[in-house]
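Student: Could we go through this structure together, step by step? I would like to learn how to read it.

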Amino acid sequence: MPALALDVGTYTIKAISGKPGKKPVIEKTAEIFNSAGVNVPTDDAQAEKLSQIIDQFITDHKLPRSDLRLSFPETVVSTKIIEMPPLSDAELASAIGWQAEQHIPIPQEDLALEYQVLFRPPRKESNAQMRVLMIGTRKNLVDRFTNMFIQIGIEPKLLETQMLSTLRSLGFTENEPTTLVAHLGATNMDLAVVYHDELSFVFTHMTGGQLLTKTLAQNLNLDAKQAEEYKRAYGLDPQQFEGKVRNALLPGVKQITNEMQKAVRFFVNQHPQESIQRVILAGGGAQLNQLPEHLTQELGIEVLLAAPFATASGEIPPTNHLAMTVAAGLLMREL
């Protein structure tokens, strides 16, 4: 039975179907413009419109309606990594509610909470702390989001955050260098650091591909469609269009760079003896021409592009790989 991994973005909706696992077999990939303009509906009217778009999308592309895997954007979740004295699983289950009250700004009665132990020290290390990943969001958002699919006859099998999907798609192995992962979507950029093979923190910022398009439109007096085409065609290449597109995009790219620099500083403040050794870019916004070269120069760190289909086989699409990062990670999850 094939699985369907669906990444509902504010700008486009991406889908990958196929045999799931660490080495997925791709049957089909598809992407459409999201005319609803929202990824997590906040009222019934938005939910109705978005569910109709998704239903038509699945029908038109003959996608499976089984083993549905969904991602939730970081903008509507609170992702925290906390340290606490070592506890057994039973003790942690009792304590986690109190910890959530301290760290997640959502009232208990409204909170949908998931947690996972990232590190539990050996018993002999009496002073060592355990580290726990907590992810919280509002129950009504989860209910409305999942009900969209139930109404069109599909029962979602899993829902996880976009950053967790992204990290899985990167296929990290043991002893990877300390890495800043930046997922550039249409409306926001998610940043995470993986240190000693463990998630260190997750930040999200309202900075994304649409901001760059808007900056370009304003600076070159273009309409939104023209600006998007120019951005995709020329990017930051100084040789193209007399460098005008590059120069118009640079103020927006500067915002992206600044947020990455803040994340690097935050990590170094936590770990003064360590440094970020590389940056990996994912998401559709990372496909901007010459962005890796520009960021390498600005950050002084090696910048690489994600390869979400590195372990996949089957009908791998010829282009647009970075936009499919979240969906690829969802398909790679082993249930």
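Tutor: Gladly! Helices (H or I, at least four residues) and strands (E, at least two) are DSSP runs, numbered from the N terminus, and two strands pair if DSSP finds at least two bridges between them. This is a predicted model, where local features need pLDDT of at least 70, side-chain atom pairs count only at pLDDT 80 or more, and totals for chains, interfaces and linings use all residues. Residues are numbered from 1 along each chain as its sequence is written, and side-chain values use heavy atoms, leaving out hydrogens and water.

Student: Which strand is joined to strand S1 by three bridges?

Tutor: Strand S1 covers residues 3-8, and its partner here runs parallel to it. Within this pair, Ala5 stands opposite Arg69. The partner, residues 68-72, is strand S4.

Student: Which strands stand at the edges of the open sheet?

Tutor: The open sheet has six strands with mixed pairing, in the order S8-S4-S1-S2-S3-S14. An edge strand has a single partner strand, so one side of it is left without a neighbour in the sheet. The edge strands are S8 (156-161) and S14 (313-314).

Student: At what angle do the axes of helix H5 and helix H6 cross?

Tutor: Axes are lines fitted to C-alpha atoms, for helices over the stretch in contact (heavy atoms within 4.5 Å), and angles run from 0 to 180 degrees between N-to-C directions. The axes of H5 (residues 209-220) and H6 (residues 224-234) come within 8 Å. Residues that meet include Leu212 and Leu216 in H5, and Ala227 and Tyr230 in H6. The crossing angle is roughly 110°.

Student: Why are H5 and H6 called roughly perpendicular?

Tutor: Their axes cross at roughly 110°. H5 and H6 are therefore roughly perpendicular to each other, because that term covers angles of 65 to 115 degrees.

Student: Which strand gives the most residues to the lining of the largest pocket?

Tutor: On a 1 Å grid over the protein atoms alone, a pocket is an open set of points where a 1.4 Å probe fits, with protein on both sides within 12 Å along at least five of seven lines; lining residues have an atom within 4 Å of a point. Among the 32 lining residues, Gln116 and Leu133 are two of those closest to the centre. S6 (111-119), S7 (130-138), S8, H4 and S11 (198-205) each supply at least two lining residues. The one that gives the most, with seven residues, is S6.

Student: Which helix gives the most to the lining of the second largest pocket?

Tutor: This pocket is lined by 31 residues, with Tyr11 and Gly185 among those nearest its centre. The most, four residues, come from H5.

How values were computed
Parallel < 35°, antiparallel > 145°, perpendicular 65-115°, else oblique.
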